[in-house]
Amino acid sequence: MKCLRALLVAGELSARRGSFLKKDLLQLQRSSSFQNSRLVPVRTIQVSRVLGTSNFAVKKHEKTDKESANQSLVKIEDIFETTSVHEKTKATFQEAVDIFCKQDIRRKGHVEFIYAALKKMPEFGVEKDVNVYNKILDVFPKKVFIPQNVFQKMLKYYPRQQDCAVVLLEQMEHFGVMPNQETRFLLLEIFGNKSYPIRKYQRIMYWFPKFKHINPYPVPTPLPEDPIELAKLSLQRIAADLNAKVTVYQISHSEVLDSGKEINHPHIVGIQSPDQQSLLASHNTEKPIFLEGPFRLWLKSKCVYYYVLRAELSEEHMVEVIDPERNFYYPMHLDIDLERDVLDDYEFYTDKVKEGPVFAMCMVGEENKATLAKWIVGLQETNPILRDIAVIFRLMHRPRELQCNEETENDNARTQAKFFKQEV
């Protein structure tokens, strides 16, 4: 008890300052309670003036290095813009990925960077390169998102990161890119087995080989860059007759006149089969034929346009129906009236919906009447009857693609809201 009392007294003495300290010690020594006890010299406690004041300022060490502060504020998209100032290639894209990986060892903001990289891939022309996709997968931190116990395996461990990896695999699926073994090893190292990205990888590897050669009319990869070769490929895909002959009527070239004026002559490529030539030779010269177009044709992501030379449907173009008795291939004719329901339409038959004959098709470099007239002149060499038949041009504007952006959607929403308010 004496020791505790001495400690309490020492605390009270330490609170006092200055000259009162010695007087208090003398009074305590003279008191009866401390006559038989040993006095322990009490140390004085010095209070700092800075701590004694209520408004104390903590000195902050300002960073003089402005580059480190600016690096944290740099946007992710600016990384791709700085690396692709002169040109956008595969090397500049990989350089941007390396710059992000070297900025922070923990790869902070890697999900946002991967989404931005997937968005920028078509601009750099690397949307069909499996090595670039593996480079982007390597941005994920390793062995962090792997579940360690049963409960983490039951739940979707780190769902944001797994969804990001699934979006990357879906983009590979969209562009027809087959994952390789490196993709599998990266996914196992990042997310572990039986994760959602691994399941997506397994589905792609199951279905892609089945659909790889399912198209009976495959398109070469990559597509030919020469417009004449691309026109030949397109016309051969449109023509149903394998005996159709592709003819190049004119190669694109430029001509300089005596006056110094330069004239560009576009390419003209046409196709016609022997059956079409015979149909055109039997056409009535008093009835005109029509040149229609342009019509759209898609070859993967490439859109081309073609023109058709055709005639209106008439009785002379109707195909003669062979009597069953004179048909050597199918000598018996069975006309079976199948049971029909009450709501079935008896009047409409698809056989009655017929179009006029098509005599030829072409693709040109420039869409104007002068270029198409040159094609008609070229057809007259193999079809002399065209000199006596009137050709009517039924040209229309090229079909435009629908462009839908956020601004147009917002404008449409505003107009709909105004219209709704007026009705109310």
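**A guided tour of the predicted model**

Begin by selecting Lys-75, which is placed in the loop between α4 (66-73) and α5 (76-83). Helices here are DSSP runs of H or I with at least four residues, strands are runs of E with at least two, and both are numbered from the N terminus. Residues are numbered from 1 along each chain as its sequence is written, and side-chain values use heavy atoms, with hydrogens and water left out. This is a predicted model, in which local features need pLDDT of at least 70 and side-chain atom pairs count only at pLDDT 80 or more, while totals for chains, interfaces and linings use all residues.

Lys-75 is exposed, at a relative accessible area of 59%. On this scale, buried means under 20% relative accessible area, exposed means over 50%, and partly exposed lies in between (1.4 Å probe, protein chains only).

**Salt bridges between helices and loops**

Next, turn to the charged side chains. A salt bridge is counted when a side-chain nitrogen of Lys or Arg is within 4 Å of a carboxyl oxygen of Asp or Glu, and the count comes to twelve salt bridges.

Select Asp-129 and Lys-90, whose side chains form a salt bridge at 2.8 Å, N to O. This pair links distant parts of the chain, 39 residues apart: Asp-129 is in the loop between α7 (110-124) and α8 (130-137), and Lys-90 is in helix α6 (residues 90-103). Asp-129 counts as buried at 17% relative accessibility, whereas Lys-90 is partly exposed at 32%.

Move on to Arg-160 and Glu-112, which meet in a salt bridge of 2.3 Å, N to O. Because Arg-160 lies in helix α10 (residues 159-174) and Glu-112 in helix α7, the pair ties together parts that are 48 residues apart in sequence. Arg-160 is partly exposed, with a relative accessible area of 46%, and Glu-112 is partly exposed at 37%.

Now select strand β5 (residues 289-299). Eight of its eleven residues are buried, so the strand is largely enclosed by the rest of the structure. Strands are taken to pair if DSSP finds at least two bridges between them.

Show strand β8 (residues 391-395), which pairs with β5 in the parallel sense over five bridges. Phe-290 stands opposite Ile-392 in β8. Then show strand β6 (residues 302-310), which runs antiparallel to β5 and is joined to β5 by eight bridges. Here Glu-292 has Val-308 of β6 as its bridge partner. At the hairpin of β5 and β6, two residues lie between the strands, and Lys-300 takes a positive phi near 60°.

Select Glu-312 and Arg-394, whose side chains meet in a salt bridge of 3.2 Å, N to O. Glu-312 lies in the loop between β6 and β7 (358-364) and Arg-394 in strand β8, so the pair ties together parts that are 82 residues apart in sequence. Glu-312 is partly exposed at 44% relative accessible area, as is Arg-394 at 36%.

**Cysteines**

Finally, select Cys-101, which is buried at 18% relative accessible area, and Cys-303, which is partly exposed at 21%. With a disulfide defined as a pair of cysteine sulfur atoms within 2.5 Å, the count comes to zero disulfides.
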